Amino acid sequence: MINFPLPRLDKDEVLRNFLLKYCRIKPGGIWVDEKGKHKVGCFNCGDEKLVNRLMDGAKANLAVHDPPYNMVAFEFKNSGEFVKWCAGWVELSYKILEKDASFYVWLGADQKKNYEPFAEFIIMMKESGFTSKSFITMRNQRGYGTQKNWMSVRQELLYYVKGNPVFNVAGVYTDIPKVVKGYYKIVGGEKTENLERSKSDKIRAGNVWIDIQQVFHLMEENVNGCYAQKPLKAIDRIVKTSSSENDLIIDFFSHAGTTLLASEKNKRICYTVDIDPIYCEISIRRLENFRKTGKTGWQNSNPFADEILNDKEISAYLQNEYKLMDKL
Ligand SMILES: C[S@@+](CC[C@H](N)C(=O)[O-])C[C@H]1O[C@@H](n2cnc3c(N)ncnc32)[C@H](O)[C@@H]1O
């Protein structure tokens, strides 16, 4: 593995223009997996016509969405405008989900700005038809704001349902060992410790997830060039718990293709969307790379390494701008 990271691809026009040549799907297009399973669409997920074209009459069992926070069409918006935009794709999701289905959404709460857009979003959801089920907190390892505040290490994940979907949590254990003693119950006249209460020496997943490593460059699953990749283990947990084999999963904000990969790993089908052809291409490449090598990402290399290395001009540009390829 060569040391070949990339900068954020949304912030570098020169690199973006170079990479666009290698993107298989153009805006408005849909990539259909050769193996006849997954699909990746390149469009605005609020576009009902294109969403319907992607679904082609199918209904999904699970939605896992991770929208850009307070951004609409790559411009910062106030919380009200952002949530109005969210209401559109939430409504669309409701329409394309089965009558019994789960809906998860990752949502920020900006502590410097009245915890936006969290409050407006959950109020909007009251009218969506979905029923609230759980507010999950995932703990990050690296935080910010430690000098005059509690270190910010939380990511918020909201879980809603439509109807009465599957919930296979019984089989889903964390990697957190049972260590806290003290809670007990009298069973058959005997006092049993909480540590004795199930066969596993690990605890079941609750709504606080502290056993998931944030993605960073030394991890195999790292996808350089992405800036908002969710840990595969988190999406894997959602997929295993809230869907069954061969179920259809939708994700309107594909980015590094984490839901696509978790679906492939767990024998589900995924229809995913990203407005940016580069992230669509990355998602497809991540799936293909996984099928070919069993690897979940590129660690410290990147999905476009071959194309970049074969082009002297762009290699020189990256070297000059970022000194990224020191070890080449
Ligand atoms: C926070 S990232 C999603 C991260 C993803 N869960 C992962 O693990 O890689 C948000 C993505 O949404 C895409 N996006 C932004 N606006 C969109 C829209 N209107 N329709 C579809 N995709 C959009 C962005 O290009 C970006 O890749």
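The secondary structure of this protein chain comes to nine helices and 15 strands. Please keep in mind as we go that we are looking at a predicted model. The radius of gyration is 21 Å, close to the 20 Å that the globule rule gives for 328 residues, so the chain is as compact as a globular protein of that length. If you draw a box around the C-alpha atoms along the principal axes, its sides come to roughly 75 × 45 × 45 Å.

Two more numbers for the whole chain. Of its 328 residues, 34% count as buried. And if we take the contacts with a separation of 6 or more, 69% of them are between residues 24 or more positions apart.

Now let's turn to some helices. Two packed helices are described by the angle between their axes and the distance between the axes. Let's begin with α5, residues 232–242, and α6, residues 258–265. How do their axes meet? They come within 9 Å and cross at roughly 55°, which makes α5 oblique to α6. The crossing of this pair is right-handed. On the α5 side, the contact is made by Leu232, Ile235, Asp236 and Val239, while α6 brings in Thr258, Thr259, Leu261, Ala262, Ser263 and Lys265. Sorted by class, that contact has five nonpolar, three polar and two charged residues.

Stay with α6 for a moment, and look at α7, which covers residues 277–293. The axes of α6 and α7 come within 9 Å, and they cross at roughly 30°. Angles under 35 degrees count as roughly parallel, and α6 and α7 are therefore roughly parallel to each other. This crossing is right-handed. Here α6 uses Leu260, Leu261 and Glu264, and α7 answers with Ser283, Arg286, Leu287 and Phe290. By class, we have four nonpolar, one polar and two charged residues in the contact of α6 with α7.

Lysine 267 lies in the loop between α6 and β15, the strand at 269–273. Its phi is positive, about 60°, although lysine 267 is not a glycine. Is lysine 267 buried or partly exposed? With 13 other C-beta atoms within 10 Å, lysine 267 is partly exposed.

Aspartate 56 has a positive phi too, about 50°, and again this is not a glycine. You can find aspartate 56 in the loop between α2 (48–55) and β3 (60–65). Aspartate 56 has 10 other C-beta atoms within 10 Å, so it is exposed.

One more loop, please: the one between β6 (97–107) and α4 (118–125), where proline 117 is found. What joins glutamate 116 and proline 117? A cis peptide bond, with omega at about -5°.

Glutamine 111 has its place in the loop between β6 and α4 as well. With 14 C-beta neighbours inside 10 Å, glutamine 111 counts as partly exposed. Where does serine 152 come in? Serine 152 is 41 residues from glutamine 111 along the chain, and their C-alpha atoms are separated by 8.8 Å.

Methods
Residues are numbered from 1 along each chain as its sequence is written. This is a predicted model: local features need pLDDT of at least 70, side-chain atom pairs count only at pLDDT 80 or more; totals for chains, interfaces and linings use all residues. Helices (H or I, at least four residues) and strands (E, at least two) are DSSP runs, numbered from the N terminus. The radius of gyration is taken over C-alpha atoms; the globule rule is 2.2 Å times the number of residues to the power 0.38. A residue is buried if 20 or more other C-beta atoms lie within 10 Å of its own, exposed if 12 or fewer, and partly exposed in between; C-beta atoms are placed from the backbone. Two residues are in contact if their C-beta atoms, placed from the backbone, lie within 7 Å. Axes are lines fitted to C-alpha atoms, for helices over the stretch in contact, and angles run from 0 to 180 degrees between N-to-C directions. Angles under 35 degrees count as roughly parallel, over 145 as roughly antiparallel, 65 to 115 as roughly perpendicular and the rest as oblique. A crossing is left-handed if the near helix is turned anticlockwise from the far one by less than a right angle, and right-handed if clockwise. Ala, Val, Leu, Ile, Met, Phe, Trp, Tyr, Cys and Pro count as nonpolar, Asp, Glu, Lys and Arg as charged, and the others, Gly among them, as polar.
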